[in-house]
Amino acid sequence: MIKLSICIPTYNRSTQLDKLLTELFLYDNLKLNNNWEICISDNNSFDDTERVVKKWQNLFTVNVYYKKNILNIGAERNFKEVINMASGEYINLLGSDDILPVNTISEIINLLYENHDLIFCNIKSFSCDNNDLNDSFAFRVNSELRLNSKDDLLFNFGTELNFISNLFIKKKFYDYDNADRRVTENLHEFGFSYVYVFLSLLPSQLSCLVVPNICVLRREGDYDCWYDHQKYFFFGMGKMLNELSDKNFSKQSLVYAKYANLRRYIGFKTLNIHNFLKGLKYYWNIPFYYIYLLLIIFPFIFYVNKVFKFVFHKLR
């Protein structure tokens, strides 16, 4: 059986995909292990993605599977498509604009034989303009960490688990068909159904290894131009965490994950009173959430006070 399937969903990223496959080929060329494969699901790209993949298919010694969707089915459903292509015991759902360095692949494949349920490596970010690496998206872990329950996992990392490329997990926990279909369909709109799938299917007691000294490389970009952070990280993550309430997570770990999500992501956009009220269904039990209400109300009161003073001065 194949040990690891590197599953790459892609759409119109032929240049970045070419760089990623170049790095994977460097590992393949070392011929240290042939017990892995590459699966690529193309979400109906109109660039030269197909040509790039065919070039590399002729060079790799391991299997490189490629499928092109006849229609763009959306990113989340394309994740499911590429996972269904895989035959490996473990899955790495790898963004086509990220890089999996040679040393990371080598060390991870060795660690997979320890039979953990999931392994996280760390994250280094790089700019499109230069190759300088930074820790802006890195896990705040200094040494190897072993977690024994899904509550420990959620409590320690919360919604930071939304980054896909640094997760190596047994395929059975990425099985959309065994997850609640109603929930996954509802979460597709918010971009994080894949997080719900593996968190909901994990057993209460598990073996999770976090390895901070090996990294996947994440490309930085102006995600704010196409990511609605209010929708995805505020409403989407809140909704996803609510749906996990009947999946054997403790109340404490879910509350802390919501708190951590507010602290990490809500600064991206200004929260108005309308969104605050909409968010109450997800964050009503998080005391920290009500600080945002104060931040909304105080400027409003200050502004109204200035208007009254101005009108009163004119009337005099």
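Tutor: Let us begin with a pair of residues: Ile38 stands opposite Val64 in strand 3. This is a predicted model, in which local features need pLDDT of at least 70, side-chain atom pairs count only at pLDDT 80 or more, and totals for chains, interfaces and linings use all residues. Residues are numbered from 1 along each chain as its sequence is written, and side-chain values use heavy atoms, without hydrogens and water.

Student: How many bridges join strand 2 to strand 3?

Tutor: Two strands pair if DSSP finds at least two bridges between them; strands themselves are DSSP runs (E, at least two residues), and helices are runs of H or I of at least four, numbered from the N terminus. Here 5 bridges join strand 2 to strand 3 (residues 64–68), and the two run parallel.

Student: Through which helix does the chain cross from strand 2 to strand 3?

Tutor: A crossover is right-handed if, with the strands pointing away from the viewer, the path from the first strand over the helix to the second runs clockwise. The chain passes through helix 2 (residues 49–57), and this β-α-β crossover is right-handed.

Student: What joins strand 1 to strand 2?

Tutor: Strand 1 (residues 4–10) runs parallel to strand 2, joined by 7 bridges. Cys7 stands opposite Cys39 in strand 2.

Student: Is strand 2 buried or exposed?

Tutor: Buried means under 20% relative accessible area, exposed over 50%, and partly exposed in between (1.4 Å probe, protein chains only). Strand 2 (residues 36–42) has 7 of its 7 residues buried, so it is largely enclosed by the rest of the structure.
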